[in-house]
Amino acid sequence: MVPRAQAGAPEIRLAYPDVGEEELAEIRAVLESGQLTMGPKVAELEQLLAAAVGTSHAVAVSSGTAALHLGVLALGLGPGDEVLVPAYTFPATGNVVALCGATPVLVDVDPVTMNMDPDDAARRVTPRTKAILAVHLFGRPAPLERYPELPAIEDAAGALGASRAGRPCGSLGALGCFSFHPRKIVTTGEGGAVTSADDAIAERVRSLRHHGWSPSGAYVDLPQPAYNYRLSDVLCALGIPQLRRLGELHDAYERIARGYAERLAHLDVVLPGTDEGDVHGWQAYVVQVDRRDEVMAGLRASGVQCQIGTYALHRLGAYRDQGPFPGADAAFERALALPLHPRLAEAELDRVAAELDKLVSHH
């Protein structure tokens, strides 16, 4: 058992969605309308997201994983095709490629940025490589312009509000995939979306999320069998007020990130950042430390919730024997996600920093 926090010191939460009365009012309006799914709130959420990302289309779906799955299918990828996937990412990124019958080809990551290494990506391209699944990990924009020239699916699950060289993440590739899981800056509980400036891609995603019906054919024809990956109006209603105040929410996360940077600058930890001119999405505040598991156990024992960054795919049974991936190993062994949400008080940031100071500096 992990020891509990000291008496009187409440646990500091890892994440806490910024939801309240506005969200309740939107949900109440949906319940009173009697139209709980495929109604006007879906379209409203999609319009707000497309405006935020700067694409002509956004298609709401049931999860970030559903968004990635439909993104792979919308590009027509399948058996015989290879897709470049970072070796350090949440498993869904690789899983969706495998589930479409294509082959996920793991690529090492830069051990500092933890995003895909462009040089290693170039080395792994073969005549069968048909696309690249570029992850903006934890909200840090990935350098898409340095990756091999292939159709890019952006895994922007944690990058809503982030931008690369002035362009929003989710508008940089052929399509972008977002998640609205509760640890994201905007949440619908479970949910996701695909963004694209390409009319044909958006049409395919809309068809694939709704059993294969053709949306432009007013649902009279079903060109192919597909999925039910719809997102209900109830859940869209939850996300709409947050999307309306996305700028304000992003500013709150930036403030917390700056607070950490000031407090942790003197410690022997690698702090998250971005390339010059980029904007971080702050899905998580992930530092890198030596003896990560020991530090994580110490923080939890002191009442600070924390978590590993994410997974090294080549260490999981489904993706074994593709390595070695030294960058992914380093990231996996050192990355530590600290509490990050708008409700964090200055005193709580002080406490996280003080606990980390004890564990890192006094080894």
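These notebook entries record what I looked up in a predicted model.

**Entry 1. Ground rules**

I number residues from 1 along each chain as its sequence is written, and side-chain values use heavy atoms, with hydrogens and water left out. As the model is predicted, local features need pLDDT of at least 70 and side-chain atom pairs count only at pLDDT 80 or more, whereas totals for chains, interfaces and linings use all residues.

**Entry 2. Enclosed and open space**

I began with empty space. Rolling a probe the size of a water molecule over the atoms shows where such space is left. I worked on a 1 Å grid over the protein atoms alone: a cavity is a set of points where a 1.4 Å probe fits but cannot get out, and a pocket is an open set with protein on both sides within 12 Å along at least five of seven lines. Lining residues have an atom within 4 Å of a point. Grid points are joined across faces, edges and corners, and a volume is the space filled by probe spheres set on the points.

How many cavities of 30 Å³ or more are there? I found one by this rule. The largest cavity has a volume of about 90 Å³. Its lining is made of 14 residues, and Leu14, Ala15, Arg183, Gln283 and Leu340 lie nearest its centre. I sorted the lining by class, with Ala, Val, Leu, Ile, Met, Phe, Trp, Tyr, Cys and Pro as nonpolar, Asp, Glu, Lys and Arg as charged, and the others, Gly among them, as polar. The cavity lining divides into 10 nonpolar, two polar and two charged residues.

The largest pocket holds about 620 Å³ of space. I noted 28 lining residues, of which Phe90, Ala157, Lys184, Gln283 and Thr310 lie nearest the centre of the pocket. By class, the pocket lining has 10 nonpolar, 14 polar and four charged residues.

Which elements supply at least two residues each of this lining? They are helix H3 (64-74), helix H4 (92-99) and strand S11 (307-308). Helices (H or I, at least four residues) and strands (E, at least two) are DSSP runs, numbered from the N terminus. H3 gives the largest share, three residues.

**Entry 3. Salt bridges**

Side chains of opposite charge can pair when their charged atoms come close. I counted 23 salt bridges in the structure, each being a side-chain nitrogen of Lys or Arg within 4 Å of a carboxyl oxygen of Asp or Glu.

I looked up Glu22 and Arg245, whose side chains meet in a salt bridge at 3.4 Å, N to O. This pair links distant parts of the chain, 223 residues apart: Glu22 is in helix H1 (residues 21-33), and Arg245 is in the loop between H7 and helix H8 (246-264). Are the two residues buried or exposed? For relative accessible area, buried means under 20%, exposed over 50%, and partly exposed in between (1.4 Å probe, protein chains only). Glu22 is partly exposed at 46%, while Arg245 is buried at 13%.

Lys358 forms a salt bridge with Glu355, the closest N and O atoms being 3.4 Å apart. Because they are three residues apart in helix H11 (residues 346-361), about one helical turn separates them. Lys358 is partly exposed at 48%, and Glu355 is buried at 10%.

The side chains of Arg292 and Asp293 also meet in a salt bridge, at 2.8 Å, N to O. Arg292 is buried, with 4% relative accessibility.

**Entry 4. Backbone**

Where is the cis peptide bond? It runs from Gly323 to Pro324, with omega near 5°. Pro324 is in the loop between S11 and helix H10 (326-334).

Met114, although not a glycine, has a positive phi of about 70°. I placed Met114 in the loop between strand S3 (103-107) and helix H5 (118-123), where Met114 is buried at 5% relative accessible area.

Trp282 has a positive phi of about 50° and is not a glycine either. This residue lies in the loop between H8 and strand S10 (285-288), and Trp282 counts as buried at 7%.
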